[in-house]
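Dear colleague,

Please find below the structure I promised to pass on, together with its sequence.

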Amino acid sequence: MRTRLLAATLTALAAVSLAACSSSSSGSGSGPGSGPGSGRPTAAAGSPTATAASTAAPSDAAATPPAPAAGSATPTTDGATGAPAADAGASGAPAPAKPAPPADAGLPAKPGDDLTAKLVSALDAIDPAIVGGKPDQAVDRARNQCQSMYQFPKDKQKLVELADQRFTSADHPQGFGPDTAAKINEALLATLCPPSR
């Protein structure tokens, strides 16, 4: 009698366990280490263990807020003050560029007759071949050299090279040399070019 009662109880328990395992959607009870023949106790539906497990999962899920999706437009805030965090791109934006100087910056106006005569006289004092009977050409070259002096006020070597390239003649197609070019620059500063910056 006791054997039959024990067999009936085990059969009923196995049937309830099988029903609980087959109705579970999580698959946690269908692994190789569970089931009626595994030797591990299986919680039957309605048992205190199963009830506790089923009620614990939703409460844990509810306690943890969902993480924002990638690319969502959730505004970020400063953790200390709660104020919106500053946009990183706003502070690193480049400052507006300075406007470029005009193309004629440093280029003196065409001189009048008196100033032209003074310039020609200063250049003839260095070497009459610099003007070579062409005062208009000498004035144009002098004005361009004045602009270079405005653009490169501290680069004396460059200004000597530019004067040597600009002031040429039939007898001096490669220029008059660095010594004469330096004197030309001094004559231009004394007559036509504005004072260097």
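**Q145 and its surroundings**

Leaving aside residues up to four places away in sequence, Q145 touches L159, L162, A163, R166, F167, N185 and L188, where a contact means heavy atoms within 4.5 Å. Before going further, please note that this is a predicted model, in which local features need pLDDT of at least 70 and side-chain atom pairs count only at pLDDT 80 or more, while totals for chains, interfaces and linings use all residues. Residues are numbered from 1 along each chain as its sequence is written, and side-chain values use heavy atoms, with hydrogens and water left out.

Q145 belongs to helix α5; helices here are DSSP runs of H or I with at least four residues, strands are runs of E with at least two, and both are numbered from the N terminus. Q145 counts as buried because its relative accessibility is 0%, the classes being buried under 20% relative accessible area, exposed over 50% and partly exposed in between, with a 1.4 Å probe and protein chains only. The side chain of Q145 also makes a polar contact of 2.6 Å with that of R166; such a contact is a pair of N or O atoms within 3.5 Å, of which, within protein, one must be able to donate a hydrogen and the other to accept it, and residues adjacent in sequence count only if both atoms are side-chain atoms.

Q137 is likewise found in helix α5, but Q137 is partly exposed, with a relative accessible area of 34%. Its C-alpha atom is separated by 9.6 Å from that of F167, which is 30 residues away along the chain.

The charged end of K158 sits over the ring of F152, 4.8 Å from its centre, the criterion being NZ of Lys or CZ of Arg within 6 Å of the ring centre and within 35 degrees of the ring normal.

F176 lies in the loop between α6 and α7 and, at 12% relative accessibility, counts as buried. Residues up to four places away in sequence aside, F176 touches D127, A129, I130, D164, F167, T168 and S169. The C-alpha atoms of F176 and A129 are separated by 9.3 Å, although the two residues are 47 apart along the chain.

**The disulfide**

How many disulfides does the structure hold? There is 1, a disulfide being a pair of cysteine sulfur atoms within 2.5 Å, and it joins C146 to C193 with an S to S distance of 1.7 Å. The pair links distant parts of the chain, with C146 in helix α5 and C193 in the segment after α7, 47 residues apart. Both cysteines, C146 and C193, are buried, and their link is left-handed, with -85 degrees about the S-S bond.

**The chain as a whole**

The secondary structure of the chain comes to 7 helices and 0 strands. Of the 197 residues in the chain, 24% are buried. Among contacts between residues at least 6 apart in sequence, 54% join residues at least 24 apart.

With kind regards
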